[in-house]
Amino acid sequence: MSEGFIDELRNALDQGAVLSGGDIDARYHHDIAGNPVPKPRAVVRPRTTADVSVLLRLCHREGVPVTTQGGMTGLVRGALPNANEIVLSMERMNSVEEVDASAGVAITQAGTPLQKLQERVEQDGLMFPLDLGARGSCTIGGNISTNAGGNRVIRYGMMRDLVLGLEVVTADGTVLKGLRKYIKNNTGIDLKQLFIGSEGILGVVTRAALRVFPAPAERQVALCALPSFGQVITFLKMARERLGGELTAFEVMWNAYYRLTLERVKGLAGPLPTHHPFYVLLEASGSDPERIHADLEKLLEMAMGDKLILDATLSTSNASAAAIWRIRDSSVELSRSFPYTARIGFDVSLVIDRMEQYIDTIESRVRAIDPQAFVIVLGHAGDGNLHVNVHHEHTPDKHDEFEKLGYDITGEFGGSISAEHGIGILKRPYLRMSRTEEEIETMRTLKRALDPKNILNPGRIFTV
């Protein structure tokens with residue numbers, strides 16, 4: 001890639017769209033933990049889909065690789081550029097273009113932060129249900145490219161379930177205008193599904209039509225302490241039966257997560273003591289405040305009567321509900337309180353009934369390698385997703401061994417090595433533990449067809 005090519009990009013796009021050299025800020029080549037990679041050759045910040053098309057057409061012509069970036073909150077190094085790549089930053093394509101309350105649709109650009117979309121649709125009495133701790137910085141395009149899940153999957157599904165249509169630019173600059181606002185559309189292959197969860201390797205999402213829903217009149221949050229994981233499972237079954245569609249979230253925290261979060265993350269207050277084995281954050285929401293409150297209180301009374309839960313607290317205001325949620329959402333802050341080089345995070349899915357045995361197996365094998373190592377666990381139990389963090393401060397040289405151990409055990413239990421974070425570069429060596437050779441080769445076939453010069457996020461998920 002010559003300087004002449006960078007100049008050609010500058011001439012083709014508006015002033016300030018192309019950054020190079022000293023103008024490239026550190027945020028374009030550092031991950032969420034602050035770890036650097038070499039600077040990219042340039043950073044391009046388009047304002048429109050037409051700009052993205054121009055950029056990709058020129059890069060395709062020259063065979064120049066491009067890495068697309070959103071909010072840079074990913075945990076698998078999928079958006080970190082190689083030194084010879086151009087960064088395509090979606091930061092200036094951040095508008096919510098339309099909210100259609102009657103159709104239940106919002107049209108937004110891909111660089112829009114998730115929280116910005118949530119707050120915009122709230123103005124019309126609506127909600128966009130995807131929610132996760134990085135809501136203030138993660139972008140809609142990133143949520144789409146990783147098929148984000150988060151806290152309310154148990155009721156509303158993954159990002160894939162919330163996308164009605166997409167506008168996408170393919171590797172050669174072709175614009176696919178699939179921004180349709182209706183659910184039913186059986187007109188051949190559903191092309192948008194190719195770009196949801198494929199981590200930007202098949203095309204660049206520029207705009208999305210997303211489902212939005214009437215905002216619930218009431219949202220109640222309870223935090224419960226439980227004596228065993230078996231009772232967590234029983235409590236989940238009871239909550240589903242008693243609350244039905246009112247059940248919005250069911251999050252589980254092992255003792256170490258709850259206790260250490262309160263000890264190490266500033267500004268948190270624990271509404272329950274820290275000695276209980278398990279904690280469940282349960283959220284119920286709906287249109288009838290009195291019924292929601294009564295149903296949740298009755299559920300807690302029944303669970304206590306059946307000795308499923310040992311203690312519980314119920315939110316009394318939006319502020320108290322947010323305070324409970326902040327404990328659950330502080331996983332990144334907790335991780336950052338430990339040395340980076342001696343911690344490994346796993347994002348896995350597996351059958352709920354096997355979760356306890358899975359964690360027990362990881363803990364025992366981790367301690368066989370390092371008796372001082374420990375495991376911190378939390379997750380979206382209602383949809384089978386756990387976040388497992390192995391901390392081995394006294395054996396930083398064992399990082400690769402612990403990483404392989406975690407994925408090996410996930411494979412033994414028939415789980416997915418990535419529930420919602422994607423594969424990126426970090427998990428690429430372990431993809432075969434969750435996908436067959438035939439599936440991976442079919443992915444390669446799609447990649448070769450849509451990106452024959454392999455310029456879009458090359459090396460992510462798999463190599464071609």
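User: Where is I417 found?
Analyst: I417 is in the loop between α13 (399-412) and α14 (437-450). Keep in mind that this is a predicted model.

User: Buried or exposed, that I417?
Analyst: I417 counts as buried, because its relative accessibility is 1% and the cut-off for buried is under 20%.

User: What is I417 in contact with, leaving aside neighbours within four places in sequence?
Analyst: The contacts of I417 are D347, Y407, T410, I423, K427, Y430, L431, M433 and S434.

User: And where does I86 sit relative to I417?
Analyst: Their C-alpha atoms are separated by 29 Å, and the two residues are 331 apart along the chain.

User: Next one, I362. Which helix?
Analyst: I362 belongs to helix α12 (residues 355-369). I362 is at 3% relative accessibility and therefore counts as buried.

User: What does I362 touch, not counting residues up to four places away?
Analyst: V375, V388, V390 and I409. As for T341, 21 residues from I362 along the chain, the C-alpha separation is 19 Å.

User: Switching to helix packing. At what angle do α1 and α2 cross?
Analyst: Helix α1 (residues 3-12) and helix α2 (residues 49-62) cross at roughly 155 degrees, with axes that come within 10 Å. An angle over 145 counts as roughly antiparallel, so that is what α1 and α2 are to each other. The crossing is right-handed.

User: Which residues make the contact?
Analyst: On α1, F5, E8, L9 and A12; on α2, V54, L55, L58, C59, R61 and E62. By class, the contact of α1 with α2 has seven nonpolar, no polar and three charged residues.

User: What about α7 and α9, what angle there?
Analyst: Helix α7 (residues 229-243) packs against helix α9 (residues 289-305) at about 145 degrees, and their axes are 10 Å apart. The crossing of α7 and α9 is right-handed. From α7 the contact takes F235, M238, A239, R242 and L243, and from α9 it takes D295, L296, K298, L299, L300, M302 and A303. These divide into nine nonpolar, no polar and three charged residues.

User: Sheets now. What is the order of the five strands in the open sheet?
Analyst: β5-β6-β10-β8-β9, with antiparallel pairing. The edges are β5 (96-100) and β9 (175-178); each has a single partner strand, so one side of each is left without a neighbour in the sheet. On average, neighbouring strands of this sheet are turned by 15 degrees against each other, direction ignored.

User: How many bridges between β8 and β9?
Analyst: Strand β8 (residues 163-169) pairs with β9 over four bridges, in the antiparallel sense.

User: Last topic, β14. How many of its residues are buried?
Analyst: Nine of the nine residues of strand β14 (residues 278-286) are buried, so β14 is largely enclosed by the rest of the structure.

User: Which residues point which way from β14?
Analyst: F278, V280, L282, A284 and G286 point one way, while Y279, L281, E283 and S285 point the other, and all are buried.

User: What strands is β14 joined to, and by how many bridges?
Analyst: Nine bridges join β14 to strand β12 (residues 218-226), antiparallel. Another seven bridges join β14 to strand β13 (residues 247-254), also antiparallel. V221 has E283 in β14 as its bridge partner, and L247 stands opposite A284 in β14.

Note on methods. Residues are numbered from 1 along each chain as its sequence is written. This is a predicted model: local features need pLDDT of at least 70, side-chain atom pairs count only at pLDDT 80 or more; totals for chains, interfaces and linings use all residues. Side-chain values use heavy atoms; hydrogens and water are left out. Axes are lines fitted to C-alpha atoms, for helices over the stretch in contact, and angles run from 0 to 180 degrees between N-to-C directions. Helices (H or I, at least four residues) and strands (E, at least two) are DSSP runs, numbered from the N terminus. Angles under 35 degrees count as roughly parallel, over 145 as roughly antiparallel, 65 to 115 as roughly perpendicular and the rest as oblique. A crossing is left-handed if the near helix is turned anticlockwise from the far one by less than a right angle, and right-handed if clockwise. Contact means heavy atoms within 4.5 Å. Ala, Val, Leu, Ile, Met, Phe, Trp, Tyr, Cys and Pro count as nonpolar, Asp, Glu, Lys and Arg as charged, and the others, Gly among them, as polar. Buried means under 20% relative accessible area, exposed over 50%, partly exposed in between (1.4 Å probe, protein chains only). Two strands pair if DSSP finds at least two bridges between them.
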